[in-house]
Amino acid sequence: MSALFNFQSLLSVILLLICTCAYLRSLFPSIIDRNKTGVLGTFWKLARIGERKSPWVGAACLIMACTVLFWS
């Protein structure tokens with residue numbers, strides 16, 4: 001089953017994208033910051049979400065890890 005049709009997998013993919021974009025922006029800010037519009041602007045937006053909501057994103061990652069490990 002694809003990640004688009006399984007809600008838990010879709011949430012995992014979104015959380016991983018947020019964490020990856022925020023991490024890459026901390027390493028290479030010029031690559032993420034130059035594309036603020038268009039399709040590649042999505043990665044900039046995900047990086048901003050990861051930076052500004054980092055406690056909530058971290059808590060969501062822990063909850064998702066527990067559900068994947070213990071309830072899947």
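Helices (H or I, at least four residues) and strands (E, at least two) are taken here as DSSP runs, numbered from the N terminus. The structure is a predicted model, in which local features need pLDDT of at least 70 and side-chain atom pairs count only at pLDDT 80 or more, while totals for chains, interfaces and linings use all residues. Residues are numbered from 1 along each chain as its sequence is written, and side-chain values use heavy atoms, with hydrogens and water left out.

The protein contains four helices and zero strands, so that its elements follow the order α-α-α-α from the N terminus on. The C-alpha trace spans about 40 × 25 × 15 Å along its principal axes.

The unreviewed UniProt entry places the feature "transmembrane region" at residues 6-24 and 54-71; such positions are given in the numbering used here, feature names are shortened, and annotations may be inferred rather than shown by experiment. Residues 6-24 are 95% helix and 0% strand, with end C-alpha atoms 27 Å apart. For residues 54-71, the values are 94% helix and 0% strand, and the end C-alpha atoms lie 25 Å apart.

Of the 72 residues, 19% are buried (under 20% relative accessible area, with exposed over 50% and partly exposed in between; 1.4 Å probe, protein chains only). Contacts are defined by heavy atoms within 4.5 Å. Among contacts with a separation of 6 or more, 57% join residues 24 or more positions apart. Leu46 touches Leu17, Ile18 and Cys21, when residues up to four places away in sequence are not counted.
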